[in-house]
Amino acid sequence: MFKKLFTATLLSTALFASSAFAKETVAWWDFLGGGDGVRMKQLISDFNKDHADKIEIEATTLEWGVPFYTKVQTSSAVGEAPDIMTYHASRIPLAVSQGILQEITPDDYKTMGLSKADYPDAIWNAITQDGKQYAVPLDTHPIVLYYNKDILGKAGLLDDKGIPKGLNGAENFKAALGKAKAAGAKWGIAGVTADGNFMYRTIYSLMGQQDGELMTDGKFLAGDNPKKLENALAVLSDWTKSGLQSPYTDYPSAVALFTSGSAAMMINGVWEVPTMTDLKAKGKLFEWGAVELPTIFAHPSTYSDSHTFAIPVNKGKTATPEKHAAVLEVMSWMDKHSLFWATAGHIPAYGPVRATDEYKKMQPNATYSPLTANMIFDPKSPLFGVAGPVFDVMSTYFVPTLNGEMDPAQAVEKIKTDLGKM
Amino acid sequence: MIRNLAKENLIALVFVAPFVALFGLLFIYPTIAMFITSFTDAPLIGAGKWVGIANYVRLASDAKFGLALWNTGYFVLLSVIPGTFVALLVAVGVSRLSGWTQAIVLALFFLPYILPVSVVYRLWDWVLNFQFGLAMHVLDALWIPRVPVFKTITWFMPAVAVVTIWWTAGFSFLLFLAGLRAIPPEIYEAAALDNSNGWTTFRKITWPLLWPVTALVLTIQLILQLKIFDQVYLFSVGGRPNDTMVMVQYIYVKALVNNQGGQAAAIAVSLFVIVIAISVFQFLLLRLAGGDDSK
Amino acid sequence: MTYANLQRWNLAGGLVTVLTVLVAVIWAFPLYWGVITSLKPEDEVVRPVLEFWPEHFTFENYISAITRTQIGRWYINSLIVAGSVTLITVFTCLLCGYAISQLKFPGRRILWGLILASFMVPTQTLIINYFELMASFGLLNTLPGIILPQLINPVIIIVYKQFFDSVPKDFREAAVMDNASEWRIFYKVFMPMNWGVTAALSIVCFIWTWNAFLWPFLAVSHAEMMTVPVGITQVNDSFGISYAHRLAAAVLAGLPVAVTYLIFQRRVTQAITLSAGIKG
């Protein structure tokens, strides 16, 4: 009785709504609240202008991480999901196992005028599960080392091109942090030491530099991998212990410490590039640069993830062909206009954009783009990915370890026990 | 009998019907449904298979459940008694004031209570910010090392408890104030004639007469704080939610994040039973204690 | 206050008074600090030294909160939600509380027992089933879906019942003698005396609902359907350093209830004491 009544009311509102709009509206969710939120909003408004009478994106930016993915999951289960959303490639195996994502069929790709050949293999592989594609890649966004040229210059850590030198190797890097501190910085480096989620990227990179793996043939931390994780944690916690890295620093504080000149360096995602560019443009920032992570261990390696576009499964609802076409148009347009997205620091996934002269000259992207050769991604398993189960377990132990509350060896032990329970 | 029974019944029905309809749909039905769901393996949305007491058996060996239970209890301990004490102190202090001073001071103490929890969260997240927070500057001035309150397990619950007391003490404070005002001035006059000093007066007169209010405040606070979710959830985002999880939050995670409705319902039933058992127990206990004190 | 007047003005007493005022100022200081921070430019906020007054006053954070988030929409949602919940709850509780107190009907005791028991039940434990119920009605992400589960507030019905219980029997008996109908008795005799209680209860019910977090947080995933307290924590429309920006949004969220309180201070105090069963 209730149900009928409500359905009737809903139907009538829906009818009213669809007759009121002549053009197709696309409900869009993203989590791009950081440095790149503004760039994406610009792209969306450009898109809307380009498609003035045909398609309009209605965008919502939700809190990054667990809150975003929880909302996606529940709203997909009750048929309230958006038409399109940004999604981390690392989380696609998990999402596919939960049945949250719709396949982007070969026909869809053809309609969009995009294909496998347009993307780097690693990214194409990341969006592919059991031979099917579940997303359209937008970018790769590794982490990089930001540095304050004034301080590093004073500390004698720059070469004549203004690129940092002498940072490779754990000993050298620690010494460099000391020199930066001696040159007037309060901290050698601003680490996001209060946020285990964030530190996952740095720690996984440092494992990669030792050829470490989190999962080998379906087993967590097999062989000597625990030792490699411990090495990574030891290096980072040593910086804090020696007073070189800011302790218990949350994300915005880390950015503020770096941009206010209190910290000489910062390891952060390329997505903070716009924060720097914008502050610099306002005359509120020193000379700065960004380079590939230094090689602390054996060889260069940087963790990276990809932003992709995905279409959520909407339980009990199927999109009209018109709506589906509109969504495809959005994805295709965004990829083809991702040169502007690159000004947010990201490396566009779409090959033709990367091939343009404009992109090749773009700074600071050009400086750190060689790192693409050394990128590593999350293991392809439903247990990995942003805000996934492994991510969750590991981050729990990172904060105490990086701030000296817990011994690295002890943390590795606990991580092993917890992962063993999965 | 002047009353026409049949007619009165009909009228009564009209009066109670709207409430009873809502009460049945939004209270009785969900409560029964919760119990039923807890014996199934249902996801968040949709039906599940009957699994008997499997969900409860699982809880017994679930370390996270134990932790959530412990954290909830710990939070109650940190917030209820200290919060009541703070409210009482403030009420005694404020009751000594008069006129506009009292009005202003009262408003200053009460204002936090009427704010939404997310506003309280934003304020304190900023005040306690490890790099730029006001409180950290105070610690610096006192030569105490800075404390990353919401990022360490040691400080998380105490800090959330302090914030909660700051936020909710206004409620208890008003009750105490009303209680103090209800004490007849003649009693104090008599005490003044006996040359009784302030502390003795408080101990011998104010406190015993105020006991019923104190018992009430304790009961209300206890029931309220067992249901803690909002503050703990908000402050734990980006921190260590697995370590600082409380009961309602665990229900939320199980149901909405892990999509395990049946297991979540089993946790909900546990909390349900705990809250009712504790409130009944406390009610009896306080009545006994209260009876002894006031007579 | 009589109690205050009777206290001898001695050193200890004076000290307590000064201490109370001092603590009150410290108590409210985070509020001041939040407001002041929201009026500073972002780069001034993260300076290493404390500044209790902005060097450059700016409303930029407020403008950005208003233009870059949907806070206007959230205000309307919150108003509709808090308004409807207040209206429906107070109305249904008034009628039912009156009936339980003044009328005799079968099941009266059971109903009252259930209501008293529901006072102890943590509605937070019902969230899963609320979610499922609202989903089956198709009401998630709608205002009715936010409103419905918030309509159960046993405190209000308990206060009404106690209020009507306290009315001397003579009123009813005199009216019955006059052969007045039940409707008339309710409308002419009992309604006029409860306006004060109703006003007080409505104000706190409004404030409580405006502030509710858990259910509106669960029921809504679309930004345009959020209430103010949920929206300011779930939607992120800022970039870079955003402390002042976020505080500005928080100030905007708290402002309506703060103003309501300051206007109706007495009523709020009355309602709080009533809700705890103390005669205000």
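View 1. Helices (H or I, at least four residues) and strands (E, at least two) are DSSP runs, counted from the N terminus. Please keep in mind that this is a predicted model, in which local features need pLDDT of at least 70, side-chain atom pairs count only at pLDDT 80 or more, and totals for chains, interfaces and linings use all residues. Residues are numbered from 1 along each chain as its sequence is written, while chains are lettered from A and ligands numbered from 1 in the order in which they are written. Helix α7 of chain C (residues 127-137) is largely enclosed by the rest of the structure, because 9 of its 11 residues are buried. A residue is called buried if 20 or more other C-beta atoms lie within 10 Å of its own, exposed if 12 or fewer, and partly exposed in between, with C-beta atoms placed from the backbone. Among the buried residues of α7(C) are Y130(C), F131(C) and E132(C).

**View 2. Here is chain C as a whole.** Chain C has 16 helices and 0 strands. Its C-alpha atoms fill a box of roughly 75 × 65 × 30 Å along the principal axes. The radius of gyration of chain C is 24 Å, whereas a compact globule of 280 residues would have one near 19 Å; this radius is taken over C-alpha atoms, and the globule rule is 2.2 Å times the number of residues to the power 0.38. Of the 280 residues in chain C, 51% are buried.

**View 3. Here chain C meets chain B.** Chain C and chain B each bring 80 residues to the contact; two residues are in contact if their C-beta atoms, placed from the backbone, lie within 7 Å. Helix α2 (residues 11-38) of chain C supplies the largest share of the chain C side, 15 residues. That side of chain C has 57 nonpolar, 19 polar and 4 charged residues. Here Ala, Val, Leu, Ile, Met, Phe, Trp, Tyr, Cys and Pro count as nonpolar, Asp, Glu, Lys and Arg as charged, and the others, Gly among them, as polar.

**View 4. Here chain B meets chain A.** In this contact, 17 residues of chain B touch 19 residues of chain A. The chain B side divides into 8 nonpolar, 6 polar and 3 charged residues.

**View 5. Here is the largest nonpolar core.** This core has 310 residues, and those with the most contacts inside it are I189(A), F173(B), F176(B) and I251(B). Its largest share, 18 residues, comes from helix α7 (residues 153-181) of chain B. A nonpolar core is a set of buried Ala, Val, Leu, Ile, Met, Phe, Trp, Tyr and Cys residues joined through C-beta atoms within 7 Å. Leaving aside neighbours within four places in sequence, the contacts of I189(A) include L177(A), W239(A) and M265(A).

**View 6. Here is an open sheet in chain A.** The sheet has 5 strands in the order β2-β1-β3-β14-β6, with mixed pairing. Its edge strands, each pairing on one side only, are β2 (55-61) and β6 (136-137) of chain A. Strands pair if DSSP finds at least two bridges between them. Strand β1 (residues 24-30) of chain A runs parallel to β2(A), pairing over 7 bridges, and D30(A) stands opposite T61(A) in β2(A).
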